[in-house]
Amino acid sequence: MPPERRDQDRDEIVSAFDEAVNMTASQMEKWLDTEESKSAGQSDGGGESVGHASGRRIVELLRTRKADLDDDDLAHMRKVTGYVHRHVEQRPEGDVTDTRWRHSLMNWGHDPEK
């Protein structure tokens, strides 16, 4: 792939991630420490949920200079963007303030109440 195309892909991934993730690293850290965060999402064998682990990774990504992002980082950013877009489309009716749906999205860096 030509370097200019690779840079364009990288810029598109970062831009989509920045649009999907509307929480700051500090907001996410505070959220990830809550019981609501820890109980949201699917986990294998009762351990940490996939979304909670992703949230910890998102905090790292938010604190990483864009120029220092590697291919694994960009792949996770793409995964986060896809998850947020799919999950937002499944919004339940009514007040979502204290729902597992919102809590799961927040683990992935997106607060639909913002």
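A: Accessible areas come from the Shrake-Rupley method with a 1.4 Å probe, and for residues only the protein chains shown count as cover. On that basis the protein chain exposes about 7000 Å², of which carbon and sulfur atoms supply 47%. The model is predicted: local features need pLDDT of at least 70 and side-chain atom pairs pLDDT 80 or more, while totals for chains, interfaces and linings use all residues. Residues are numbered from 1 along each chain as its sequence is written, and side-chain values use heavy atoms, without hydrogens or water.

The protein chain has six helices and zero strands (DSSP runs, numbered from the N terminus: helices are H or I of at least four residues, strands E of at least two). Its C-alpha atoms fill a box of roughly 45 × 30 × 25 Å along the principal axes. Of the 114 residues, 39% are buried, that is, under 20% relative accessible area (1.4 Å probe, protein chains only).

The largest nonpolar core holds 24 residues, and F17, I58, L69, L74, M77, V80 and V84 touch the most other members. Such a core is a set of buried Ala, Val, Leu, Ile, Met, Phe, Trp, Tyr and Cys residues joined through side-chain atoms within 4.5 Å. Two or more residues each come from α1 (3–20), α2 (25–32), α4 (50–62), α5 (71–88) and α6 (100–107); α5 gives the largest share, five residues. Leaving aside residues up to four places away in sequence, L69 touches R10, V14, L61, T64, L74 and M77 (contact: heavy atoms within 4.5 Å).

Methods
Buried means under 20% relative accessible area, exposed over 50%, partly exposed in between (1.4 Å probe, protein chains only).
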